[in-house]
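These are my notebook entries on one structure. I set down what I looked up, topic by topic.

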Amino acid sequence: MMKINVSEIAEQIGHEKAFSFDAKPEDIGPLLDDCKLEGPIMVKGTATNTGTCFRLEGKIFCTISEICDRCLEYFQTKSEYSFAEEYTRDEDFAKIKEINHFDGDIINIGDLVRDIIISAQPTKHLCSKDCKGLCSVCGANLNKTECGCNRESIDPRLAALQDLLKK
C-alpha cells in the first residue's frame, strides 16, 4: 500500500519528508473500461508540514494499456502525472477548508493515486493522431491494410441530404 508516515515531521513546521513507492496495478484497482494499468506504478514526492496541514506533492509514473477509439487496437502509453494535495488531522478544519482528513500518523494515498490517474485520462483514446480507423463496410483495420471497399456510398435514408449538398 501507499502509506506515508508523517510522525517525523508532525512537530516541526516547515520540515519535509521524501517518499517513494512502487505499486502493482492490483494495488490501485481497476481504472476505466477502456484502459488498464500495466507494470509497476511509481510514486515519488515530498510531504511538508505547513503548520495547519501536510502538503503532499509529487509525480506518478505508469504505463497504461488502452483501446484506440478508431481502430479498436490495444496500445500502451507511458504516463506521468503531477499531484498536490493537503491532508489534516483536524476534522473540522478539513470540512471548512475542504481538504482531506486522516487519523494518526499515516496518510494513505492509494485512492489519491487512482483518482489522479483516472481523472487524467482523455475522453478520446487514439493510438496515433493519424489513425485511419476501421473500414465502415468490411471492418478492416485501415492502418494495416487497404481493403478496397467503396466507402463513398450514401445511406439511402440520407440520400435526400446528399441532393441538398449538390444544389
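**Entry 1. Terms and model.** I counted two strands as paired if DSSP finds at least two bridges between them. Helices (H or I, at least four residues) and strands (E, at least two) are DSSP runs, numbered from the N terminus. The model is predicted: local features need pLDDT of at least 70, side-chain atom pairs count only at pLDDT 80 or more, and totals for chains, interfaces and linings use all residues. Residues are numbered from 1 along each chain as its sequence is written, and side-chain values use heavy atoms, with hydrogens and water left out.

**Entry 2. The sheet.** I looked up the strand order and found an open sheet of 5 strands, S2-S3-S4-S5-S6, with mixed pairing. S2 and S6 are the edge strands, each pairing on one side only. I then went through the pairs in turn.

S2 and S3 run antiparallel and are joined by 8 bridges. Alanine 23 has isoleucine 41 in S3 as its bridge partner. Phenylalanine 21 is likewise bridged to valine 43 in S3, and serine 20 to lysine 44 in S3.

S4 and S5 run antiparallel through 14 bridges. Phenylalanine 75 in S5 stands opposite glutamate 66. This hairpin has 6 residues between its strands, and leucine 72 in the turn shows a positive phi of about 65°.

S5 and S6 run parallel, joined by 2 bridges. Here threonine 88 has histidine 101 in S6 as its bridge partner.

**Entry 3. The core.** A nonpolar core is a set of buried Ala, Val, Leu, Ile, Met, Phe, Trp, Tyr and Cys residues joined through side-chain atoms within 4.5 Å. The largest one has 30 residues, of which Val43 and Ile109 touch the most other members. Strand S2 (16–23), strand S3 (35–49), S4, strand S5 (74–88) and H3 each give two or more residues to this core.

I next listed contacts (heavy atoms within 4.5 Å). Leaving out residues up to four places away in sequence, valine 43 touches Met2, Phe19, Ser20, Phe21, Lys59, Ile60, Phe83, Ile109 and Val113.

**Entry 4. Aromatic pairs.** Rings of Phe, Tyr and Trp (its six-membered ring) pair if their centres lie within 6.5 Å; planes under 30 degrees apart count as stacked, over 60 as edge-to-face and the rest as tilted. Searching the whole structure, I found 2 such pairs. Phenylalanine 19 and phenylalanine 21 form a tilted pair, 5.8 Å centre to centre with 35° between the planes. Both of these residues, phenylalanine 19 and phenylalanine 21, are buried.

Phenylalanine 54 and phenylalanine 102 are edge-to-face, because their planes stand at 70° with the ring centres 5.8 Å apart. Phenylalanine 54 is in strand S4 (residues 54–67) and phenylalanine 102 in the loop between strand S6 (100–101) and strand S7 (106–108), so the pair ties together parts 48 residues apart in sequence. Phenylalanine 54 counts as buried at 6% relative accessibility, and phenylalanine 102 counts as buried at 6%.

**Entry 5. Histidine 125.** Is histidine 125 buried or exposed? Histidine 125 counts as buried because its relative accessibility is 2%. The residue lies in the loop between helix H3 (110–119) and helix H4 (159–166). Its side chain makes a polar contact of 2.5 Å with the side chain of glutamate 66. A polar contact is a pair of N or O atoms within 3.5 Å; within protein, one must be able to donate a hydrogen and the other to accept it, and residues adjacent in sequence count only if both atoms are side-chain atoms. Not counting residues up to four places away in sequence, histidine 125 touches Asp34, Glu66, Ile67, Cys68, Asp69 and Phe75.

Notes: Buried means under 20% relative accessible area, exposed over 50%, partly exposed in between (1.4 Å probe, protein chains only).
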